[in-house]
Amino acid sequence: MTHTVQTVEYDVVVVGAGPVGENVADRVAAAGLSVAVVESELVGGECSYWACMPSKALLRPGLARADARRLPGLRDAVRGPLDAEAVLGRRDSFTSHWKDDGQVGWLESVGVRLYRGHGRLAGPRKVAVTGGPDGEVLLTARQAVAVCTGSRAVLPELPGLATADPWTSREATSAKQVPGRLAVVGGGVVGVEMATAWQALGSQVTLLVRGDGLLPRMEPFAGELLTEALTEAGASVRTGVSVTAAERPGPGAPVTLTLDDGSTVEAEEVLFATGRAPRTDDLGLETIGVEPGSWLDVDDSCLVQGTDWLYAVGDVNHRALLTHQGKYQARIAGAAIGARADGATQPDTTAWGPHAATADHAAVPQVVFTDPEIASVGLTLAEAESGGRRVRAVDYDLASVSGASLYGDGYKGRARMVVDLEREVLLGVTFVGPGVGELLHSATIAVTAEVPISRLWHAVPSYPTISEVWLRLLETYRG
């Protein structure tokens with residue numbers, strides 16, 4: 001019997017059809033190049049079905065209720081529990097009920113050919129696709145292959161964990177019912193957001209953190225204010241503890257976690273939010289001399305070091321594991337692929353150039369959708385100091401801003417800007433408080449554009465908004 005493999009050639013082949021892969025495909029198609037995308041799961045990727053969209057849909061009702069409870073005349077109307085069925089139903093609608101018809105239609109509308117199945121590199125500029133409806137296909141790329149396969153949750157090796165049926169971020173965002181008790185292991189963004197969401201939906205949450213505080217990569221006051229708020233909401237936050245074993249006697253039984261201090265925690269479900277690994281273990285990297293399972297090292301145009309054809313975009317390059325940052329890299333990489341294919345000019349990979357993802361180093365924005373919200377961009381004070389810069393941190397109590405007082409009674413928050421004293425520009429900004437997420441883009445512009453403080457003084461914030469904190473920070477800096 002003859003084994004038939006169909007061979008098809010494109011200018012660009014993209015492996016992975018999450019938001020990053022979709023954006024690479026869109027940019028190279030707009031440059032006039034033919035492009036194929038390979039996807040083994042759902043078009044739209046982790047963000048659409050198991051991360052950004054479902055998690056924020058789960059979080060939003062609890063945050064809205066928290067805001068309402070800060071307002072006389074409204075708080076009595078929202079004293080009851082959330083309608084968990086309605087919240088989960090709205091979450092399901094934001095994932096399109098885990099169907100990707102709309103995303104597939106969009107790919108077709110921009111002229112991108114979708115191949116379903118598992119894509120593996122089969123040597124330079126070659127991707128083998130298996131397990132899909134088209135049979136075995138070998139895709140060859142005249143210009144570039146872009147790996148956009150993202151990352152996956154990592155579970156630690158613990159006695160009993162394999163049979164304890166733990167949640168990862170996927171189960172935490174797609175669960176069909178509210179657990180009575182939920183243990184969350186890990187104090188990073190996924191851990192604190194899911195603790196916030198399920199606590200608001202009625203779970204009794206215990207947060208177990210190995211370090212001495214939440215959100216260790218952010219300014220210390222962010223984790224401190226969040227710990228206080230989660231505790232007030234009824235969650236238990238335990239720091240300085242590690243899980244050493246897990247046991248679930250049988251399906252439907254509670255899971256018991258043993259901690260390194262000898263104590264135990266029992267819960268209906270346990271979420272491990274303890275790290276990510278690249279989805280490169282079965283990508284065929286060995287066919288091009290790269291270790292399978294490794295993060296892919298790239299230059300600022302997202303070209304894999306040592307190649308002139310392979311790009312790694314998004315989580316897989318380990319530069320900034322955030323959807324919006326991956327999509328930014330995709331726009332940069334797509335433009336670079338188009339420029340190199342054109343051949344008329346070399347890509348401009350100088351800092352802040354059209355083919356350099358400079359923001360990955362200098363101005364990565366992030367919002368943590370907890371109560372209070374946490375929004376940051378650029379360097380923390382500790383990061384700036386460790387880089388040898390002469391800096392000053394300028395802090396301000398957000399509750400002292402009129403707009404914050406109007407936002408809700410008992411408002412608690414804090415703002416910090418990190419100033420480069422040599423150039424008098426901002427290196428980083430952090431806001432903590434209800435509703436601060438929408439303040440972040442102004443900070444991102446200030447940091448990215450390196451707007452001098454002397455010019456920021458002329459950027460007048462509207463009164464009475466929370467953004468008046470910008471004026472207060474500048475006044476504090478000037479003394």
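This report walks through salt bridges, a pocket and a sheet in a predicted model.

## About the model

Because the structure is predicted, local features need pLDDT of at least 70 and side-chain atom pairs count only at pLDDT 80 or more, while totals for chains, interfaces and linings use all residues. Residues are numbered from 1 along each chain as its sequence is written, and side-chain values use heavy atoms, with hydrogens and water left out.

## Salt bridges across the chain

Let's start with charges. Side chains of opposite charge can pair when their charged atoms come close. Here a salt bridge means a side-chain nitrogen of Lys or Arg within 4 Å of a carboxyl oxygen of Asp or Glu, and the model has 34 salt bridges by that rule.

One of them joins Arg142 to Asp11, with N and O 2.8 Å apart. Arg142 belongs to strand β6 (residues 137-147) and Asp11 to strand β1 (residues 6-15), so this pair ties together parts that are 131 residues apart in sequence. Helices (H or I, at least four residues) and strands (E, at least two) are DSSP runs, numbered from the N terminus. For accessibility, buried means under 20% relative accessible area, exposed over 50%, and partly exposed in between (1.4 Å probe, protein chains only). Arg142 counts as partly exposed because its relative accessibility is 38%, whereas Asp11, at 12%, counts as buried.

Another salt bridge links Glu266 and Arg181, at 3.1 Å from N to O. Since Glu266 lies in strand β13 (residues 264-267) and Arg181 in strand β8 (residues 181-185), the pair ties together parts that are 85 residues apart in sequence. Glu266 is partly exposed at 42% relative accessibility, and Arg181 is partly exposed at 27%.

## A network around Arg170

Salt bridges also link Glu41, Glu46, Arg170 and Arg279 in a network. Arg170 sits in helix α6 (residues 169-174) and counts as buried, at 17% relative accessibility. Between the C-alpha atoms of Arg170 and Ala153 there are 8.4 Å, and the two residues are 17 apart along the chain.

## The second largest pocket

Next comes a space in the protein. A pocket is an open set of points on a 1 Å grid over the protein atoms alone, where a 1.4 Å probe fits, with protein on both sides within 12 Å along at least five of seven lines; lining residues have an atom within 4 Å of a point. The second largest pocket holds about 700 Å³ of space. It has 25 lining residues, and Ala66, Arg70, Ala229, Ala233 and Asp371 are the closest to its centre. Arg70 also forms a salt bridge with Asp67, their closest N and O atoms being 2.8 Å apart, and both residues are buried.

At least two lining residues come from each of α3 (52-68), α7 (189-200) and α8 (220-232). Helix α8 gives the most, with 5 residues. The lining divides into 12 nonpolar, 5 polar and 8 charged residues. In this grouping, Ala, Val, Leu, Ile, Met, Phe, Trp, Tyr, Cys and Pro count as nonpolar, Asp, Glu, Lys and Arg as charged, and the others, Gly among them, as polar.

## A five-stranded sheet

Finally, an open sheet of 5 strands runs in the order β17-β18-β21-β20-β19, with antiparallel pairing. Its edge strands, β17 (365-368) and β19 (391-397), each pair on one side only. Two strands pair if DSSP finds at least two bridges between them.

Strand β19 and strand β20 (residues 414-420) run antiparallel and are joined by 7 bridges.

Terms used: Points joined across faces, edges and corners; volume = space filled by probe spheres on them.
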